[in-house]
Structure formats: structure tokens, C-alpha cells
Amino acid sequence: MADMSDAERLSEEREADTELRKRQKRPWEDLHKSAKIAMSPGLPETLGVYDISAVRRREQRELSADPSFTHFICTELTRGYFLEHNEAKYTERRERVYTCMRIPKELEKLMTFGFFLCVDAFLYVFTLLPLRVLLALLRLLTLPCCGFSGSRLLQPAQVCDVLKGLILVLCFSMMHYVDYSMMYHLIRGQSVIKLYIIYNMLEVADRLFSSFGQDILDALYWTATEPKERKRDSIGVIPHFFMAVFYVFLHAILIMVQASTLNVAFNSHNKSLLTIMMSNNFVEIKGSVFKKFEKNNLFQMSNSDIKERFTSYVLLIIVCLRNMEQFSWNPDHLWVLFPDVFMVVTSEVAVDIIKHAFITKFNDITADVYSEYRASLAFDLVSSRQKNACTDYSDSVARRMGFIPLPLAVLLIRVVMTSVKVQGALSYTCVFLCYLGLVTLKVLNSIVLLGKSCVYVKRANMEDKLFEKPSTSASSSAKTPSKADQARCPTPSGDSNADQVPATPCSPPSSSSPSSPSSVTAQPTPRTDLFPPPPPAAAASPAAPASRPPSPPPAEPEQPAALLSKEEEEGEAPEADEVKHRTPKKDLLEIDRFTICGNRID
């Protein structure tokens, strides 16, 4: 028993020694069995066994990757990145920078073109309007000698010219009772904060007056020129006329208070009021940059900026005239005013550039949109020069930009007549030469503007809209045209009643031949894009009775067809209602000029 136990003990010792030798030869096997080292393709394998040196090298790398301050500094100094991995993002950012750099150039092109449009409309009041009024009065005086050639004593355009002349004369005579000097000293006695608040209120009131004033003038012009069945219907022109005179007088006084406040700011010793008024322009950036703008809203704001810039220039001229009169027209004082004038003009331009640059940036609007705005203004100018235009050019500018030249013209005439004393034949000769110079300037400005406008319209491919003719579906409607539409676009007297087709407002007569001259200033302007086409079923219904003679009542088999047409019309009615409630995005030319002045475009 002792020998067997010794033998078993020896065999166990031999097995333990063998196992120990195996472990000493392959120490990685225990690690593998203990799941400390995973058998992976990353561990090199040689002749069926894994290399233990790779394990040791990996352990050394893991030990060297431990966080340390030196390793952090080295990593921060040597790490890199690649911008091309996000190429689209950085390209978009670069395009935004280029757009902001193009905004000043494109904006000033639009501002310059719009400024000369306002100059042309403003000079029209002083140059051509008096001549047109004289021609209308001459026609009235020669009517008894020449006899009546038609139902109208004067053409509608002549009636509007006479009304404008009467408004100017009455408002100018009423402005003589307003003392400019007393108003200046009354404003000068107020504190700086009061004047700042007053000036802000005057700017808001000026916009409201411009928005509502053009509606008053349009109501007067239409009331005076619309066809009337009875003579006593013309009495309605009188209240509209007095309302228009009252509006122009109030607006002229409002602009006078603005000019007086600006004059006080120029003549203050510490220039604090002028600084506050200039800072008010930069407050405008805060109120408009962080709002959402569409193309049409930006177009409206651009037109408003053009009008404000022109009005501020006229106010600066009035301030300089008043100051030069106080210093006996000493030219040295003009150089004293020049730094302040330059500061006001520069701040106005800088605010407009900054405002438009950030608005286009935040709303992803390209700089090419200002070329479209310029082309739209040019289209209005070319359309107003047509043979059968629906409105006068100065009224078109007033509706588009909110610039009404009558109150500003009344105030400028009042200031010039007060500042400049006209005595003697030589003075009247100088006044006549000055008038001839203004007429020459107006004519040259109109010619250059018309040429530039034609170029802009061709570049924008809008010339086809000048000569396009209304289609049959657009020209015919389910209802008979009203008296207002017939008066705006009367049909030729040679056409019979059966050949007359209801036309859209401002459309040319149906008898105009295609062989008419293709001049821009002689072709009528059909604006069919402003009016949606009627439903086809409703459009075809009035044409049938007008094209065939009256027939006897239909027979009984035709009654189901009539019922079917009624059911089709009832089925199309909901579709028409759905189309009516939709609000699609409008093109710039589709915006009604009668509502753009001072109103919001959705």
C-alpha cells in the first residue's frame, strides 16, 4: 500500500512539472483562456500561434495614450481638419459675403433710377402742368367759336390737369397765412427730447398722409371724369375737391414743420438734436432687419426708401434757402452748412445700405432682385407713355412709391417766393429764364429715363407684355361690363353693338389692327395679367347671344342640355370659390399699383 501511494505521488508530481513547463513556454494561452486577450484578425498569427510581441506593443501604446498635460498640448498644436469635407456650407457662406458686397452697387443703381423718376414727376408740376392747364383753359374759351365736337367739354386728362392747377393755386394762397418764422421760433423753444419725439411723429404722419392722400386725389379724378347720366350728378365733385384741397394744405403744413425742425437742428449750438435725429435712422435698422421679408415686401420698402431720400433732399434745400436768406445770401455761410448736410446725406445712404444688406442676408435674397425692381419701375414708365394709358405718369409714381408731389411743390413755391424777392423787369426775365431751364431739364430727364427704361425692359424680357393682346377667354366675361369699365376703355364709334366684345379695363379697342406701329410710345398697354380669366363655361355664355340673331324658344328635347349646363356651372362654382380663397405669390408686375402705396403686401 505504501508503494502504491508513493507511485501515485510521483506520477502527480510529474504531471505538475509537465504542466508548469507548458505554461512557461506559452504564457499567452492562459490569458486567452481568461478572456484578457481576444483572438482577432488584428493579432498577427505565425504558424498557427499568435505573436506575443504584438500584444506587448499594443499594451505599450495603450499606456502611452493615457491623458497628460504634455500630450494634450501636443495634440492641440498638431491636430488638423479639412474644410473640403463640408464644401457646400462654406461655398454658401462665401456667396453670402459676395452678395453683401454687391448690395451697395445694385441698391444705388435702383435708388438713382428711382430718384430721377421722382425728379421727373416733381418737375412736371412746375413745368408742363401749367402749360397743360393753359391749353385746357384755351380749349374752354374757344368752344363757343369752334362748336361742340363731342359730349365732353374737356378730355379726362385735361380735367385732371385743371383740378391739379386749382388745388395748387388754392393751397398756395392758403399757405400765405401760415407764418414760417413764428413756427421756427415756436419749435426752437422746445426741449431736445420733445423735438425728437415730434420729429418721429411727423415721419409716421407723413407716411400715413401719403398713403391716404393719393386715394383722396384718385377719388376726385374719377368722380370728375366718370360718365354721368344726369347733369346734377356732377355736384359730387365739389366735396371731393374741397377734401383734396384740405388734404394738400395739411400735408404741406406737416412738411413745413419737418423742415422747421431740421432747421432748428442745423442751427443748434451743440448739434445734439441733429445727432439724435441722425441716430433715429439707425433705429430703423433694428425695426426692419430682424423681420421676415419676401421679394414683394422688399420692393415696397425700396420704393419707400427712394421716396424718403428724395423728400429729405428737398427738405435740405429748403433749410439751406432759409439759412441763406437769414445771412443775406452770403456764400461763406453755405460752406458752414455743408458739413451738416454731408453728414445727413451720408447717414441716410449708410443706413439704407446696411439695412438692405442684412435683410437680403437673413432672407436669402440675391442681389439680382434689385435689377428686377428697376425693370418693374421702368415698365411702369414705359406703360404710362402708351397712347391709351390708364393713368398719368406722375400718378403712377405716386402710387408705386408713395410720393405725392403736390404738397411738396406748394411748400417749395412758398419758401422760394418768401426767400427770393422778385422786383423789376430784370428779375422777371431771370425768373422766365429759370423756368425755361427747368423745362429743358425736365425734357432731357424724361428722354434719358425713357431710353434707359426701354433698355431695362428688354433686359428683363418684359417687352412682350407691352404688346400682348387679351385672349378671347380673358376678354369675355359672364357679366356685362360696368359703366366705369366702358368709360375707361370705350369702344370705337364705328363698331356696331353686335360686334362689341366686353373688354377688360385698360385694354385696347377690339378694332386695333396688328399692323399698327410697334413703337413703345404709341402701342396701348394691355394688362391682362392683372385680371384672372373667367371660368370657361361662364365665358362662353354671353358670346352666343351676341353672335347670332334671336331665335324662337328651344324645343322640349333641348331642355336636358340646359339642365346639364346648369349642373356643370354648379359643379364649377365650388372650384371657383377655392381658387378665389387661395393666395398665390404675385409677380412684381401683378401687384396693383392702386394699393401698393404705403400698404403691406402679403
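Reader: How many aromatic pairs does the structure hold?
Author: This is a predicted model, and the structure holds 16 aromatic pairs. One of them is formed by F299 and Y373, which are stacked, with 4.8 Å centre to centre and 25° between the planes.

Reader: Where do F299 and Y373 lie?
Author: F299 belongs to helix 12, while Y373 belongs to helix 14, which covers residues 369–384, so the pair ties together parts that are 74 residues apart in sequence.

Reader: And are F299 and Y373 buried or exposed?
Author: F299 is buried, and Y373 is buried as well.

Reader: Which residues form the aromatic cluster?
Author: One aromatic cluster is formed by F115, F116, F122, F126, F310, Y313 and F403.

Reader: What lies over the face of Y456?
Author: That is R374, at 4.5 Å from the ring centre of Y456.

Reader: Switching to charges, then: how many salt bridges does the count come to?
Author: The count comes to 17 salt bridges. Among them is the one between the side chains of E108 and R309, with an N to O distance of 3.1 Å. E108 lies in helix 5 (residues 87–126) and R309 in helix 12 (residues 295–326), so this pair ties together parts that are 201 residues apart in sequence.

Reader: How accessible are E108 and R309, each taken by itself?
Author: E108 has a relative accessible area of 22% and is therefore partly exposed, whereas R309 is at 5% relative accessibility and so counts as buried. The cut-off that matters for this reasoning is that buried means under 20% relative accessible area.

Reader: What else does R309 meet in a salt bridge?
Author: The side chain of R309 also meets that of D352 in a salt bridge, at 2.9 Å from N to O. This pair links distant parts of the chain as well, since R309 is in helix 12 and D352 is in helix 13 (residues 331–362), 43 residues apart. Both residues of this pair, R309 and D352, are buried.

Reader: What about E76 and R79, how far is it from N to O there?
Author: The side chains of E76 and R79 meet in a salt bridge with 3.4 Å from N to O. E76 counts as partly exposed because its relative accessibility is 40%, while R79, at 52%, counts as exposed.

Reader: Which residues are linked in a network of salt bridges?
Author: Such a network links E92, R96 and D364.

Reader: Now the surface: which residues make the nonpolar patch?
Author: W329, V416, V420, V422, Y428 and V431 make a nonpolar surface patch of about 510 Å². Of these, V422 lies in the loop between helix 16 (405–419) and helix 17 (425–459), and V422 is partly exposed because its relative accessible area is 31%.

Reader: What does the accessible surface of the protein chain come to?
Author: It comes to about 37100 Å², and carbon and sulfur atoms hold 62% of that surface. As for the interior, buried residues make up 36% of the 602 residues in the protein chain.

Reader: Last topic, the fold: how many helices and strands does the protein chain have?
Author: The protein chain has 23 helices and 2 strands. Among its contacts with a separation of 6 or more, 83% are between residues 24 or more positions apart.

Technical notes. Residues numbered from 1 in each chain as written. Predicted model: local features only at pLDDT ≥ 70, side-chain atom pairs only at ≥ 80, totals over all residues. Heavy atoms only, no water. Salt bridge = Lys/Arg side-chain N within 4 Å of Asp/Glu carboxyl O. Buried < 20%, exposed > 50% of the residue type's maximum accessible area, 1.4 Å probe, protein only. Helix = DSSP H or I, 4+ residues; strand = E, 2+ residues; numbered from the N terminus. Contact = heavy atoms within 4.5 Å. Areas by Shrake-Rupley, 256 points an atom, 1.4 Å probe, with all protein chains shown as cover. Patch = residues over 30% accessible without salt bridge, like charges linked within 9 Å, V, L, I, M, F, W, Y side chains within 5 Å. Phe/Tyr/Trp six-rings, centres within 6.5 Å; stacked < 30°, edge-to-face > 60°. Lys NZ or Arg CZ within 6 Å of the ring centre and 35° of its normal.
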